[in-house]
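Student: Got a model open here and want to go through its architecture. Can we take it piece by piece?
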Amino acid sequence: MKQSMTLIPTLREIPSDAEIKSHQLLLRAGYIRQNASGIYSYMPLAKKVLQKVEAIVREEMDRAGAVELLMPALTPAELWQESKRWYSYGPELMRMKDRHDRDFVIGPTHEEVITSLVRDEVKSYKRLPLALYQIQTKFRDEQRPRFGLLRGREFIMKDAYSFHANHESLDEIYTKIFDAYSNVFRRCGLDFRAVIADSGAMGGKDTHEFMVLSDVGEDTIAYSDTSSFAANIEMAPVVVEYEKSNEQEFALEKVKTEGQKTIDEVSTYLNVEPSKCIKSLLFKVDESFVLVLVRGDHEVNDIKVKNLFDATVVELATPEETREIMNCSVGSLGPIQIAENIQVIADHAVKMIVNGVCGANEEDYHYIGVNPDRDFSINPQYADLRFIQVGDPSPDGEGTIVFARGIEVGHVFKLGTRYSEAMNAMFLDENGRNQPMIMGSYGIGVSRTMAAVVEQFNDENGIVWPVDLAPYKVHVIPVNNKNDSQRSLAENIYDQLQNNGIDVLFDDRAERPGVKFADSDLIGIPVRITVGKRAEEGIVELKVRSNGETLEVNTENLIETIRSFIVK
Ligand code: ATP
Ligand code: MG
């Protein structure tokens, strides 16, 4: 492609509204332009990169046994009413009316549409399993569209759905698609982890998120420094084997702790380690109140509390509720001598505390010499209730936990029969019985993935595309366009590359060399061929964008040499 014939509107300045690298660089290098908040045009260079990402996605999905289709973006409200998401999705769902005043949804995801399609076409176990995918623009009226393509209101997603007659079949396809996703992100060159995620409101059980490690990510991941274990911090089990010290147990004693409320204050005041303090928090678990105990240096993980009780809603009791139930303030709570109808659960670490400290359920008093099981009882049980911490052993037994921030680029989950039951997607099993189909749902943020790659692949001069995603493989730049031998050699190289099927961008613009080089670095094409002073001798300079390596190459060996840099 001749640069004069395409549209690459590069900017010298960093756009003031772009906070993160990928947003800044995609704007500056002329890949995207914003049309409205969270809504972008993909300029010619971006379109080429998206096509590369999509090609990788298609190859891997096809290999996993999924088949591509394309559903409408505009979807009738009735389907969303059947699944009830019309009522529960909230303001993120883009709705519109047609000229007959009928309601429509501009699709944020396609469980409803695919379930209605499959229920109408598939009636027997003989047609299952089935895995279908599409690559399509999605619409979500995000509360905070930001970071350019990372969180848009209109974005490109690859979404896939699978339908099964039994759970074994779901497990099998889930694993295949999980592997396909790992391949996609590996081929995009990304440093990522597949993390065990919370299924939250989706109602599924098994779910993984694919997270690109990046400081600008919105999620925190706990992962092992040596193995592949990774989990959303909410989900990471704690497997520490706590030990009890053989200190002699003291008698329980109530002491005055005027004005001391937090663990920090109390531990300083009484001169004990926070790990000897018992942190007591009152939670409202659905309709009942539960006192949750963890060690002073630990934090309660409310998702674990929620899972322990299989509850729908878990939230901290308000100060008013606390006063009403426990007759004291939040900072004075403790497990000793409390009303029998209040359940007390504790993290495993609490059991091992000897001569600890806890609130006395009385303003300005704490107990010292607290020994669990002797001084209070746990009802119903000790459990893993705290957040994992940096330095904890990895739950898979290999290595130590470290934290990182992550950008979610993909998500796989087992939906079960949530949609098939609501929308009556049934099939006849081998025994002629009518059963709801078992489903899986799988998404990759294609446009977000492109931005995540830029987030990981850049330097002070611009984007540094991994070869497989680069919009062009080679950038040919004559230093001086007016010099006949430079221009004709550059044109000749351009033709040769094209004839050899190598995607090339030719800077034929009448710009100063400095501008051309700066633009070239900004755009980030892997190999640059500069045709300069030695053009008459048939010698050009090859520069590798990723490491700055340069070499002089004779045009006779040029194609071969270029190939060695762009073919792995
Ligand atoms: P997030 O937690 O980031 O909002 P999500 O859980 O809503 O993501 P899914 O519904 O699982 O996302 O969508 C599948 C994939 O689509 C995500 O893994 C992500 O890569 C991408 N995606 C979701 N929302 C956006 C968005 N607003 N802009 C760009 N990509 C998105
Ligand atoms: Mg979301």
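Student: In what order do the five strands of the open sheet run, and how do they pair?
Tutor: The order is β16-β14-β15-β17-β20, with mixed pairing. Strands here are DSSP runs (E, at least two residues; helices are H or I, at least four), numbered from the N terminus, and two strands pair if DSSP finds at least two bridges between them. This is a predicted model: local features need pLDDT of at least 70 and side-chain atom pairs pLDDT 80 or more, while totals for chains, interfaces and linings use all residues. Residues are numbered from 1 along each chain as its sequence is written, chains are lettered from A and ligands numbered from 1 in the order written, and side-chain values use heavy atoms, without hydrogens and water.

Student: Which strands stand at the edges?
Tutor: β16 (314-316) and β20 (382-383); each has a single partner strand, so one side of each lacks a neighbour in the sheet.

Student: And how many bridges between β14 and β15?
Tutor: Eight, with β14 (residues 278-285) and β15 (residues 288-295) antiparallel. Isoleucine 278 stands opposite arginine 295 in β15.

Student: What lies across β14, β15, β16, β17 and β20?
Tutor: Helix α8 (residues 302-309), at about 125° to β17 (343-347). Angles run from 0 to 180 degrees between N-to-C directions, with axes fitted to C-alpha atoms, for helices over the stretch in contact.

Student: What about the three-strand sheet, in which order is that?
Tutor: β13-β19-β18, open and antiparallel. Its edge strands are β13 (253-256) and β18 (356-359), each pairing on one side only. Four bridges join β18 to β19 (residues 365-370), and cysteine 358 stands opposite tyrosine 367 in β19.

Student: Switching to helices: at what angle do α1 and α12 cross?
Tutor: Roughly 100°, and the axes of α1 (residues 21-28) and α12 (residues 446-456) come within 8 Å. The two are therefore roughly perpendicular to each other (65 to 115 degrees; under 35 is roughly parallel, over 145 roughly antiparallel, the rest oblique).

Student: Which residues make the contact?
Tutor: Lys21, Ser22, Leu25 and Leu26 of α1, with Ala451, Val454 and Glu455 of α12; contact means heavy atoms within 4.5 Å.

Student: How many salt bridges in the whole structure?
Tutor: 44, counting a side-chain nitrogen of Lys or Arg within 4 Å of a carboxyl oxygen of Asp or Glu. One of them joins glutamate 68 to arginine 58, with the closest N and O atoms 2.7 Å apart. Glutamate 68 is in β3 (residues 67-68) and arginine 58 in α2 (residues 44-63), 10 residues apart.
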